[in-house]
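Please look through this model with the notes below.

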Amino acid sequence: MKNNRRQGYFTSIALVCLMAFTSCKVTSQEPAKKEIVISKNLKWSDKMALTLMKRHPEAYMIDDSKKPKWDYVHALVLHSIEELYKKNPDARYKAYIRGYVDELVQADGTIKTYEFDKYNIDLVVPGRLLFDIYATSKEDKYLKAMQLVRKQLAEQPRTASGGFWHKQIYPNQMWLDGLYMGEPFYAQYTLTFENGKSFDDIAKQFELIQSHATDPKTGLLYHAWDESKQMPWANKETGNSPNFWSRALGWYVMALVDVLDYMPKDHPKQKELVKYLNNACAALAKYQEPKSGLWYQVTDKGAAEGNYLEASGSSMFAYAFAKGVNKGYLPAKYKKLANKAFDGLTTKLITKIDADGGITLTQACQVAGLGGTPYRDGSYSYYVNERKKDNDPKATGPFILAAIELNR
């Protein structure tokens with residue numbers, strides 16, 4: 001009897017030790033994340049990236065999301081952090097991006113929350129995050145996911161003249177936003193996997209919006225163009241929406257500088273895209289507010305009642321100007337304008353630094369669009385009254401990209 005008790009006692013001790021060993025083993029494999037320290041000596045690019053990572057410990061939490069979703073705002077910020085990693089190979093940056101992708105891309109290459117049949121061109125952007133991960137891992141699921149996103153572009157509804165609809169629910173409409181949402185992924189994919197066969201089609205998207213949405217008087221491009229001219233917001237003669245929105249123009253010039261990364265210099269359409277970039281930037285430079293170096297929400301209306309100096313458009317222009325100069329597409333004077341804009345962002349719109357070193361970029365329009373429910377008419381009043389959000393990802397992503405190009 002005593003032997004049985006003794007045997008049971010030692011068995012219990014052995015089990016406790018085994019459990020403790022197993023627990024230690026698991027713990028050692030999954031170390032707790034170190035607290036992020038944001039030093040005041042860091043560059044602005046790292047300060048913003050680390051601020052966002054500290055505020056949103058998992059990348060899917062960007063924009064205060066409660067659940068993981070395949071979304072363009074996450075992709076924009078993570079693309080900027082991906083570019084930052086190339087300059088500062090901090091392993092935390094790479095892990096943050098990979099965590100987002102692996103939360104959504106399944107073993108068979110399908111993508112959680114990706115609603116393919118809505119043909120929403122916004123949902124092409126996250127595909128950009130897959131190229132580097134596939135190139136380094138060679139895991140088939142990432143290739144299949146890229147092929148799925150490419151399939152959306154192959155099937156995306158088009159206007160009669162061949163332009164991608166912005167979404168299935170917005171028939172016959174091209175928005176400036178859509179050029180950024182679709183074309184950089186399309187360009188990288190066709191270069192990487194298709195021997196560049198689709199560059200003509202990519203150039204055509206820019207040709208259509210440039211020829212139809214450009215205002216001959218200011219040189220600025222309207223937010224959207226309805227080829228059918230049926231939308232209530234559309235001008236009955238031109239099909240254009242009624243106002244110039246800085247973020248829409250920002251999407252457009254960012255799309256140009258990013259697509260040019262992949263289009264060969266000897267391609268017949270390359271010089272055409274460089275010309276579009278120069279034309280758009282020349283028009284934008286005229287509306288840079290002299291004192292702050294920033295741009296207004298409604299680009300050409302200056303200090304009209306309700307208008308305000310806006311963070312996302314200003315960050316996008318700073319990025320496109322700086323990258324355009326760095327790549328040799330734009331004259332050197334635009335680098336000076338980009339630095340002036342960045343000075344405005346850091347002195348006028350980042351007005352306080354938190355106790356933990358985190359930074360907040362203010363005066364960012366949270367959202368703006370056309371049509372839909374409730375109906376958005378594209379009026380001046382509509383744009384200046386849309387809500388704002390601090391550290392909105394449409395501002396923070398381009399802010400990081402601008403900082404990288406300016407080495408700040």
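The numbered points below take these in turn.

1. This is a predicted model: local features need pLDDT of at least 70, side-chain atom pairs count only at pLDDT 80 or more, and totals for chains, interfaces and linings use all residues. Residues are numbered from 1 along each chain as its sequence is written, and side-chain values use heavy atoms, without hydrogens and water.

2. Helix H12 (residues 333-349) packs on helix H14 (residues 393-406) at about 130°, with axes 11 Å apart. Angles run from 0 to 180 degrees between N-to-C directions, and axes are lines fitted to C-alpha atoms, for helices over the stretch in contact. Helices are DSSP runs of H or I with at least four residues; strands are E runs of at least two.

3. From H12, Lys 335, Ala 338, Asn 339, Phe 342, Leu 345 and Thr 346 meet Phe 399, Ala 402, Ala 403, Glu 405 and Leu 406 of H14 (contact: heavy atoms within 4.5 Å).

4. Helix H8 (residues 199-213) has 15 residues. Buried residues (under 20% relative accessible area, 1.4 Å probe, protein chains only) in H8 include Phe 199, Ile 202, Phe 206 and Ile 209. The buried residues of H8 pack against strands E1 (173-175) and E2 (224-226), and against helices H7 (176-193), H9 (246-259) and H10 (270-285).

5. Where is Asn 307? Asn 307 lies in the loop between H10 and helix H11 (311-326). Asn 307 is buried, at 11% relative accessible area. Leaving out residues up to four places away in sequence, Asn 307 touches Tyr 296, Gln 297, Val 298, Lys 301, Gly 302, Tyr 380 and Val 384.

Key. Expected span 1.5 Å × (residues − 1). Buried < 20%, exposed > 50% of the residue type's maximum accessible area, 1.4 Å probe, protein only.
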